[in-house]
Amino acid sequence: MKGLIEAALVVAIVVGATAIVVSTVTPLISQGKSQQDFISAKNTLSEVDSAMQQLMLEAVGSRRQIDLDVGTGKFIVAGDEEKFKIRLEGYQTIEPGSTIQEGNIQIRGGSAVEAVEEEQSDGSTDLVLRNSLVTFAVKKIGGPSNWSQINTTSMITQFTNRRTGTTVHPKSGIFINDKPLSSAGFGYTQLTTQSSNIASGSIEVFVNSTAGISYDAVFTLSSASDFVDLQVLNIHGA
Amino acid sequence: MIGKIFLAATFLALCPVAFAADTNSSNLSVLNLEFDAGGGYTNSTGFQMFSTIGLNGAARAGNAYVCVGYLCFSLEQLNLRAVVTFLMDLNISGTGSENATVDGKGFGFYRPSDISKYFACVDDVGIPSDPAYGIVFSGRQLNYIDLENNSGNHSYIMRVSQMAEDNRFLLPATIGGCSQISSRLPMITLMPFVPSGETANAIEMFLSYPFIDIVGNYEKTGKMTLIMEKNSTNQIVVDVI
């Protein structure tokens, strides 16, 4: 009988100790795994960047093939924004809305941005970027295979400061070499990704202008940012 | 002797024919290029002074060269790239409580040397928390900032112009007025002008190639093979399998 009690006691101690060890070590393992995912993602992008730098210098027809493993992260080729991205969930490493640069890799933190199409009361459709601070909307015009008349002076339909509840409806304009005719022509607007839960959303505006100059303008809203980031890319014919 | 002359003549006859540059050739052309803000004119032919072109000039023609004798430079080599200008014309309440400024200065046209913080802004002290909208330069080389009072429309016209290379405009919609925007500049790291205090639960790391046309849109998790190929129009065509 005594032996039985001793055996039960030993089993209880072993099970208890194991439980304590597991509960202590699991978060550390998880933390280590997260750190490993983070470093692994950075290494992956470095590898992609290295291949891109080589391709830029090489002749037409050059090719690179890379095997990648991003685990539970999401690898994104955003051709409309000229970007390669990796999104990792469950990180609180940097201040929301901030972007830091490590070499050629930029890292930004945040929660969610909504990038959606919304019908307006007049029957038109807007492309809307929204986070907790800002709403920014551009008219939906044409599509990549369906160019339509576009004028950058009247494309922004709404720019709302959600903290103060103020909305402005600015006239705008994108001009290349300050040529008036470069602000309008044929083209399209589109969301590069449609989702209600992304770290950043972008609207691409493509203009093949009457001045004979074509370009892409990309408006980006990141989570927790109180500004819209605009870059004008792929300028041809200037 | 005759054999040697014949040999030399044969050798010369078989050599590839070479032509010196011929100004009448259709392979050569002279382009009239027009430069913005290139400085003063020379006294002779109306060309802009070379020394000033490289500083502020912007070519109005692509695929062109500037030559000194037989030594030619592409506009890209001379850094004579295009200029991008973004304009916003807006008011907030349209009342007298609005202020418009370029780095603390009033309406006007400003070159980089005229100001120290490169932004144009409109705020409205008549609204709680003083909302502010603007255009902030965040690129490589500013060209100019212009601020005008569009009195007929009770609005303000902000123009920010910069060199196309690595161009970037930030369009704030923040609080605390234009002074808050000014206090955050220059911005070494992109951060909110006034942080929201919300908690982050994700990060996104990315590579950006603003002067390369990347073709392809994919989203994938786990293991994959990335294939990138340079095509005949210098695009990088991407496939993920």
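I began at His154(B), which I found in the loop between β8 (142-150) and β9 (155-163) of chain B. The model is predicted, and I kept that in mind for every entry below.

**Entry: positive phi in chain B**

I looked up the backbone of His154(B) and noted a phi near 50°, a positive value in a residue other than glycine.

I then went to Asp166(B), in the loop between β9 and β10 of chain B. Phi of Asp166(B) is near 55°, again positive in a residue other than glycine. I counted 14 C-beta neighbours inside 10 Å for Asp166(B), so this residue is also put down as partly exposed.

**Entry: a cis bond**

Which peptide bond did I note as cis in chain B? The bond runs from Leu185(B) to Pro186(B), and its omega is near -5°. I placed Pro186(B) in the loop between α3 (177-183) and β11 of chain B.

**Entry: the two chains in outline**

For chain A I recorded 1 helix and 16 strands. Chain A has 238 residues, and 43% of them are buried. Of the contacts in chain A with a separation of 6 or more, 51% are between residues 24 or more positions apart.

For chain B I recorded 3 helices and 14 strands. Chain B has 241 residues, with 33% of them buried. Residues 24 or more positions apart make 55% of the chain B contacts that have a separation of 6 or more.

**Entry: where the chains meet**

Strand β11 (residues 171-176) of chain A runs antiparallel to β3(B), and 6 bridges join them. I checked one end of the chain A strand by name: the bridge partner of Lys171(A) in β3(B) is Asp89(B).

**Entry: Val218(A)**

My last stop was Val218(A), in strand β15 (residues 214-222) of chain A. Why does Val218(A) count as buried? I found 23 C-beta neighbours inside 10 Å, so Val218(A) falls in the buried class, for which 20 or more are needed.

I listed what Val218(A) touches, leaving out residues up to four places away in sequence: Glu81(A), Ser202(A), Glu204(A), Gln231(A) and Leu233(A). I also looked up the spacing to Val228(A), which is 10 residues from Val218(A) in sequence. From C-alpha to C-alpha, Val218(A) and Val228(A) are 9.9 Å apart in space.

Note on methods. Residues numbered from 1 in each chain as written. Chains lettered and ligands numbered in written order. Predicted model: local features only at pLDDT ≥ 70, side-chain atom pairs only at ≥ 80, totals over all residues. Helix = DSSP H or I, 4+ residues; strand = E, 2+ residues; numbered from the N terminus. Buried ≥ 20, exposed ≤ 12 C-beta atoms within 10 Å, placed from the backbone. Contact = placed C-beta atoms within 7 Å. Pairing = 2+ DSSP bridges.
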